[in-house]
Amino acid sequence: MALLSNARISKRIADTMRFVPIAVLTSLIVPSLLAPKGHVDFSFTNEYLIAGIVATIVTYRTKALILTIVLGIATILAMRLFIS
Amino acid sequence: MQMLSHHEASLQEFRLGLRAPLPLAIGVSSFGLAYGILAIQAGLSFLESTLMSLTVFAGAAQFVATGMLMSGAGALPILVTTFMINSRHFLMSASLAPYVGGWKLRWKALLSFLLADETYAITMSRFSKNAPSKYYQLGVGLNVYVVWLLSSIVGSALGPLVGKPQAWGLDFALPATFIVLVLPMLQNWRDVLVCITAGLLSIACFTWLPGKWYVTFASLVAIAFGWGLVELCKRRSSR
């Protein structure tokens with residue numbers, strides 16, 4: 001309601017700026033899910049990887065943050081319980 | 001129906017506003033709780049994490065900034081990302097503008113600070129059917145703010161007690177939040193390609209580069225790649 005509504009940022013810079021969070025967040029997400037314990041783990045026993053897939057699907061369908069977190073953590077706990 | 005004095009009407013609006021967000025309180029407080037715990041795990045002191053909730057009051061931004069700090073991202077990417085996450089506030093403020101025209105500047109400033117997704121949703125819904133009241137919005141804003149602040153204080157207090165969050169899979173809350181934020185950002189094929197590039201590069205760099213450099217390196221290359229794609233499309237369309 002207050003300040004910089006009329007800031008005229010160069011269009012080229014604005015176009016590139018949109019990539020910053022996409023790139024940075026993805027760079028943070030992927031290794032934390034594929035290598036949660038420091039080494040790369042592509043297998044289906046990597047509970048973080050599976051939880052990540054679940055979270056992506058849940059987000060795609062519902063966009064709900066709390067639900068995504070809860071289902072993701074539930075996936076991890078379920079996998080640890082049944083697959084160890 | 002008896003006419004209330006201006007003073008009584010304002011108070012009534014305020015009370016209505018104060019009560020309105022209660023159904024959402026569970027969502028807001030669990031988010032606040034998660035933030036508090038995360039902030040402590042990230043190394044912030046109880047005071048620091050509480051101050052952040054007190055002064056910033058922007059859940060997603062606080063969550064992401066803390067997470068990014070923890071993961072070693074630099075100040076600039078954090079600023080840009082926070083800016084983009086909160087850019088929706090510009091839109092929210094713009095759509096509220098028609099209703100707030102006559103209000104004094106200090107009211108606008110206070111209400112701007114208190115603006116949150118939940119506050120916006122409730123206020124817009126109310127103003128579309130009733131006369132806009134700054135007391136109503138103040139009530140809503142205060143409710144959400146206080147719930148957020150209290151729950152993040154509790155979270156910060158619980159933080160040290162949670163022990164190793166990894167044992168309970170709680171460390172997944174962070175990548176989960178990032179996923180929820182990134183997915184809506186992917187609005188065209190260029191965004192998706194940049195995302196895939198960043199993903200592939202980051203895991204490759206994670207293996208080859210020391211420390212947290214993989215984040216910066218993968219991001220920069222992916223951003224440059226995205227910039228290149230934009231340029232390419234411009235050239236093509238100007239032929």
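1. In this predicted model, 40 residues of chain A are in contact with 52 residues of chain B. On the chain A side, the elements that each contribute two or more residues are α1 (11-17), α2 (19-34), α3 (47-62) and α4 (65-82) of chain A. The largest share is that of α2(A), which supplies 16 residues to the side of chain A that touches chain B.

2. Sorted by class, the side of chain A that touches chain B consists of 28 nonpolar, 10 polar and 2 charged residues.

3. Chain A itself contains 4 helices and 0 strands, and its elements, read from the N terminus on, follow the order α-α-α-α. Of its 84 residues, 37% count as buried. When the contacts in chain A with a separation of 6 or more are considered, 32% of them come from residues 24 or more positions apart.

4. In chain B, helix α9 (residues 134-158) packs with helix α8 (residues 117-127) at an angle of about 155 degrees, the two axes lying 9 Å apart. Since angles over 145 degrees count as roughly antiparallel, α8(B) and α9(B) are therefore roughly antiparallel to each other. The crossing in which α8(B) passes α9(B) is right-handed.

5. Which residues of α8(B) and α9(B) meet? From α8(B) they are E118(B), T119(B), I122(B), T123(B) and R126(B), and from α9(B) they are Y136(B), Q137(B), V140(B), G141(B) and V144(B). The contact of α8(B) with α9(B) has, by class, 4 nonpolar, 4 polar and 2 charged residues.

6. Helix α3 (residues 46-55) of chain B also packs with α9(B), at an angle of about 165 degrees and with the axes 9 Å apart. That angle makes α3(B) roughly antiparallel to α9(B), and α3(B) passes α9(B) in a crossing that is right-handed.

7. On the α3(B) side, this contact is made by F46(B), S49(B), T50(B), S53(B) and L54(B), while α9(B) brings W148(B), L149(B), S152(B), I153(B), S156(B) and A157(B). Divided by class, the residues of the contact of α3(B) with α9(B) are 6 nonpolar, 5 polar and no charged.

Notes. Residues are numbered from 1 along each chain as its sequence is written. Chains are lettered from A and ligands numbered from 1 in the order in which they are written. This is a predicted model: local features need pLDDT of at least 70, side-chain atom pairs count only at pLDDT 80 or more; totals for chains, interfaces and linings use all residues. Axes are lines fitted to C-alpha atoms, for helices over the stretch in contact, and angles run from 0 to 180 degrees between N-to-C directions. Angles under 35 degrees count as roughly parallel, over 145 as roughly antiparallel, 65 to 115 as roughly perpendicular and the rest as oblique. A crossing is left-handed if the near helix is turned anticlockwise from the far one by less than a right angle, and right-handed if clockwise. Two residues are in contact if their C-beta atoms, placed from the backbone, lie within 7 Å. Ala, Val, Leu, Ile, Met, Phe, Trp, Tyr, Cys and Pro count as nonpolar, Asp, Glu, Lys and Arg as charged, and the others, Gly among them, as polar. A residue is buried if 20 or more other C-beta atoms lie within 10 Å of its own, exposed if 12 or fewer, and partly exposed in between; C-beta atoms are placed from the backbone.
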